Amino acid sequence: MLSFDHDSLHAGVVDPEMGSMRVLSETALRFPDSLSFSSGAPYDGNHDLTDLSRHVERYIEHLRAKGLPEERVTRLLFQYGPVNGLIRDEVALMLKQDEDIDVPPEAVMITHGFQEAALVALRGLITSADDVLLSVSPAYVGIRGAARMLDVPVHGILEGPDGLDPEAVAEAARRVRSEGRRAVALYLVPDFSNPSGTVVPLAARRRLLEVAAEEDLVILEDNPYGLFAAEGAALPTLKSLDTDRRVVYLGSFAKSTFPGARLGYLVADQEVIDSEGNTRTLAESLSPAKAMFTVGSSTLSQAVVGGILVENGYDLRSATRELAAIYQERLRAALDALAEHFPDGGDHGVTWNTPSGGFFLVLKVPFIADLAAMERSARDHGVSWAPMSMFHLDDDGGRREIRIGFSNLAPDAIREGIARLAGFIEKTPHDTPEERS
């Protein structure tokens with residue numbers, strides 16, 4: 001009978017780090033009475049089952065109004081759809097309305113969430129074993145996982161309190177080049193980064209674009225949380241500032257519509273010229289990769305999201321304003337509870353950052369905050385969280401830091417969860433100052 005040695009499988013499958021998020025989920029299942037700060041799940045209190053059919057009907061009406069015959073509408077929804085998606089026109093209108101990103105529909109690819117968008121982008125851009133992806137560190141585990149599955153080497157760049165420093169990016173690109181390799185692309189989340197919640201200031205965004213031109217980099221801009229800035233406080237995306245077509249924009253509808261749709265998008269308006277002089281967008285040229293990963297994204301999911309976009313005049317920013325207010329309320333609840341339980345001047349050894357939006361914040365604690373500590377916290381104190389070391393691209397990063405995800409807990413639950421966390425921290429032996437240095 002055929003069997004495999006575990007270590008004979010691909011490194012992306014057997015690497016324990018690739019299963020870290022699964023461990024968090026399993027811990028939550030094992031301790032169902034524990035309050036979970038482990039995930040970054042969106043708020044799920046505003047869903048109505050009747051909306052699903054209504055949104056599909058709205059999209060069908062939209063197609064009919066465009067003059068599509070009934071047979072064509074039926075075929076679009078029931079048969080295999082275009083590889084790059086049905087709703088590219090609608091997404092292009094949304095990008096113009098919400099982000100001032102002005103691209104043709106041909107520059108848009110509809111994907112199976114952010115993860116496929118990342119896989120497609122990396123597969124198209126990374127062409128040699130000497131090609132390297134630069135990435136902010138700490139980083140969302142999905143980008144590291146995509147790179148690992150494709151055997152793409154990643155060079156981490158430690159972020160500061162204001163996110164990624166453009167000069168650190170330039171230095172990293174030059175260091176990679178000095179090693180005989182080529183830095184091809186840079187991944188970051190400029191708005192309310194996962195896991196740290198940082199925001200890259202406007203001046204730094206402009207400088208990042210300059211560095212990308214100077215070092216010949218493509219910027220992979222991931223923006224799942226940008227819609228949830230406080231009203232009037234949103235910064236322009238890198239893509240909207242991009243005059244040199246250096247940015248490939250990666251988006252998702254998981255937060256703005258609902259995660260179960262499993263839809264994202266890739267925006268790549270760069271020109272690709274073939275041997276005969278024909279020109280297409282990069283998004284169109286990446287279609288073969290998309291076709292080999294998932295063939296095409298679900299037409300039914302696209303119809304639901306398309307109906308939402310049409311119904312809201314392609315203005316998701318306005319449509320999600322109440323949702324943004326809910327996340328702002330939860331952020332304030334978390335910050336207020338932390339200030340109550342860890343007052344200034346105490347000997348608790350706990351500090352935290354104060355993001356202005358997003359789903360996460362980070363605590364520095366006076367002990368090693370690993371998965372074993374998180375399990376003790378869930379088992380003995382009824383609260384779970386995510387070790388920040390899971391998100392760092394170097395071995396020693398984030399060892400005494402934890403990520404608090406507050407997006408899917410009501411304010412009362414957040415306050416109770418912080419109280420339980422304070423009890424866990426109080427009972428956990430603290431490192432000496434020498435151990436922390």
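How much space lies in the largest cavity? About 140 Å³, as the views below set out. This is a predicted model, in which local features need pLDDT of at least 70 and side-chain atom pairs count only at pLDDT 80 or more, while totals for chains, interfaces and linings use all residues. Residues are numbered from 1 along each chain as its sequence is written, and side-chain values use heavy atoms, with hydrogens and water left out.

**View 1. The protein chain.** Here you have 18 helices and 15 strands (DSSP runs, H or I of at least four residues for helices and E of at least two for strands, numbered from the N terminus). Of the 437 residues, 53% count as buried, meaning under 20% relative accessible area with a 1.4 Å probe, protein chains only.

**View 2. The largest cavity.** A cavity is a set of points on a 1 Å grid over the protein atoms alone where a 1.4 Å probe fits but cannot get out, and lining residues have an atom within 4 Å of a point. Its lining has 16 residues, with N223, L227, S252, S256 and Y265 nearest the centre. The elements giving two or more residues to this lining are α5 (88–99) and β7 (247–252). By class, the lining holds eight nonpolar, five polar and three charged residues.

**View 3. The second largest cavity.** This one holds about 30 Å³ of space, a volume being the space filled by probe spheres set on grid points joined across faces, edges and corners. Look for V136, E159, G163, L164, L188, V189, S193, T198 and V200 along its lining.

How values were computed:
On a 1 Å grid over the protein atoms alone, a cavity is a set of points where a 1.4 Å probe fits but cannot get out, and a pocket is an open set with protein on both sides within 12 Å along at least five of seven lines; lining residues have an atom within 4 Å of a point. Ala, Val, Leu, Ile, Met, Phe, Trp, Tyr, Cys and Pro count as nonpolar, Asp, Glu, Lys and Arg as charged, and the others, Gly among them, as polar. Buried means under 20% relative accessible area, exposed over 50%, partly exposed in between (1.4 Å probe, protein chains only).
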